Amino acid sequence: MGVKFGREYKDIITDFADALQSASGCHDFLEMSAEDWGELEAEEREACMKTLADDLFYGLGTEGSMHVGNCVVTHDAKRHIIRVATGDSFTRIIHLV
């Protein structure tokens, strides 16, 4: 089915990566230890998060929600958004249109 979007793809991925980077434990999804993650330069962490965001974007085309680190990423096709949530303490919305 795929995730439908009307915004520039690179802008969506940038917003998505920023939201993921704000959540904890996403490095686990990349099979990296916290120590290895901490040793990366800021640009390297950003590149990893953009790659993760890209992979999750396409994964959400077949799965309605996915667990990444301590957050749940969901695609709401009716509202044209991706939600990155960690319980009650953190929610980021990525607009697709």
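Select H27 to begin: H27 counts as buried because its relative accessibility is 14%, where buried means under 20% relative accessible area, exposed over 50% and partly exposed in between, with a 1.4 Å probe and protein chains only. The model is predicted, so local features need pLDDT of at least 70 and side-chain atom pairs count only at pLDDT 80 or more, while totals for chains, interfaces and linings use all residues. Residues are numbered from 1 along each chain as its sequence is written, and side-chain values use heavy atoms, with hydrogens and water left out.

Next, select residues 26-29, which form helix α2 and include H27. Helices here are DSSP runs of H or I with at least four residues, and strands are runs of E with at least two, numbered from the N terminus.

Contact means heavy atoms within 4.5 Å.

Now display the whole chain as a cartoon. The protein has 4 helices and 4 strands, and from the N terminus they follow the order α-α-α-α-β-β-β-β. The C-alpha trace spans about 40 × 30 × 20 Å along its principal axes. Of the contacts with a separation of 6 or more, 50% join residues 24 or more positions apart.

Finally, colour the protein by burial: 37% of the 97 residues count as buried.
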